[in-house]
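Please have a look at the structure before reading on.

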Amino acid sequence: MRTVAEALDLIDDSVVPRPAQLTTLLESLGQTLAEDVVSDQDSPPFDKSLVDGYALKASDDGTGTRSFFVIEEITAGRMPQHEVGPGTAARIMTGAPMPQGADAVVPIERTALDSVTERVTILSEAPLHAGINVGCRGTSMQDGELVLRAGRLIRAQEIALLAELGRSWVSVHPRPTIALLATGDELVSIEETPGPAQIRNSNQIMLAAQVTALGATPYVEGIARDKLEDLRQRIGRGLQADILCLTGGVSAGKLDLVPQVLKELGVKEIFHKLQIRPGKPLWFGYLPPERTSDNLPRWIFGLPGNPVSSMVCFELFVRTAVRRIMNLSPAGPVPVLAELETDFQFSDPRPTYLPARLEAHGAGWRVKPVDWKGSFDLKSTASSNALLVLPAGPNRLSQGELVEAIPFTGRE
Ligand code: AMP
Ligand code: MG
């Protein structure tokens, strides 16, 4: 049986980013930049005033005269018409270009204007110096400068910078699509009242929510019964998405038919079963590009049916594949070190990923496992926002000890 680290490496090695494509700027939100972006301009593009006030030459202020003749008014969007010379100043608004001859701006709050003589007096005693309240051309970025590297997740900040550069289209690795197929004779839809021995299909919508939280697109493919023909048909359809996530049918039960059907459909197994709790039956494979209509490979996860196992396997493994397709790095989960909130004992022959509550605490993190009854216990996961990582074997941990925790996507 593979270890978690080996499984993550196998996913990282076998999954490849989707080819880049152009998208409109707002659509690029949450996708990965697929090009290096070089500025084709200086920013600010001209020396500009950072306040409303009076533009003048700082050295002119040292002459003893604190009063200046106002030669013009420059509003944002207009070019100055006059040069500022000794003893003169221009009234200027925030964002307006600095006039020739001026190198500093006195904020309006520190001045008094005599509107009859059109002279402005500086009220503050503080000396002026060149550059004060001026945004100089090219101080933010310069023409030819590399400002964003490929591989960056595009957020509002990147969109704003691209907008400043006039980039209404941008090259990204597109958002992956993920087909979700639940399997099991015992499942009914969430709208139905389960009969004896039945349960609601909670996994599928949970996974759809996890996919959406990652910025990928879910396709909900319904419930396949534990029958070869139904599985074949629905799996065949699900293989159109970049990733197909099945839940259930991958452990050792009599009707766990998923690996067999995947094999029949040409899907190659990369691993089956891991040293992990919960999630031991996890199955992972790929459909080679020569077997797909668009010559792009597909990746397939058979997640265990138990809801918490599915949830945990998604956060650790499917998320890694999604980030790899999106060309985000690192693709795998990044644990934080957190102080344990209470003494805690736990023993299992497999490394365990326990639902836990992670909170900011002082300069770091504090974590507490939730009261978890097993892989079926969805209720306890509702208060969790992370996974507490416990090594195999007996763990006798004391309050304050540092442990690893992996935050869930969108931890709150
Ligand atoms: P399996 O992996 O098919 O053996 O299922 C393991 C456990 O998970 C069983 O108790 C199933 O009833 C349950 N289970 C399977 N699929 C789902 C689902 N879609 N939603 C909720 N529970 C499920
Ligand atoms: Mg089943």
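## Polar contacts of ligand 1

A nitrogen atom of ligand 1 lies 3.3 Å from a polar backbone atom of asparagine 203; a polar contact here is a pair of N or O atoms within 3.5 Å. Glycine 249 places a backbone N or O atom 2.9 Å from an oxygen atom of ligand 1, and serine 251 has a polar side-chain atom 3.4 Å from an oxygen atom of the ligand. The protein covers 78% of the 480 Å² of accessible area that ligand 1 has on its own (Shrake-Rupley method, 1.4 Å probe).

This is a predicted model, in which local features need pLDDT of at least 70, side-chain atom pairs count only at pLDDT 80 or more, and totals for chains, interfaces and linings use all residues. Residues are numbered from 1 along each chain as its sequence is written, chains are lettered from A and ligands numbered from 1 in the order written, and side-chain values use heavy atoms, without hydrogens and water.

## The shell around the ligand

Ligand 1 is surrounded by 17 residues (a heavy atom within 4 Å), and the closest are Glu186, Asn201, Gly249, Gly305 and Asn306. By class, the shell holds four nonpolar, ten polar and three charged residues, with Gly counted as polar.

## A serine in a loop

Serine 124 belongs to the loop between β10 (119-122) and β11 (134-135); strands are DSSP runs of E, at least two residues, numbered from the N terminus. Why does serine 124 count as buried? Its relative accessibility is 17%, and buried means under 20% relative accessible area (1.4 Å probe, protein chains only). A polar atom of the serine 124 side chain lies 3.0 Å from the backbone nitrogen of alanine 126.

Methods
Polar contact = N/O pair within 3.5 Å; in protein donor to acceptor, adjacent residues only side chain to side chain. Helix = DSSP H or I, 4+ residues; strand = E, 2+ residues; numbered from the N terminus. Buried < 20%, exposed > 50% of the residue type's maximum accessible area, 1.4 Å probe, protein only.
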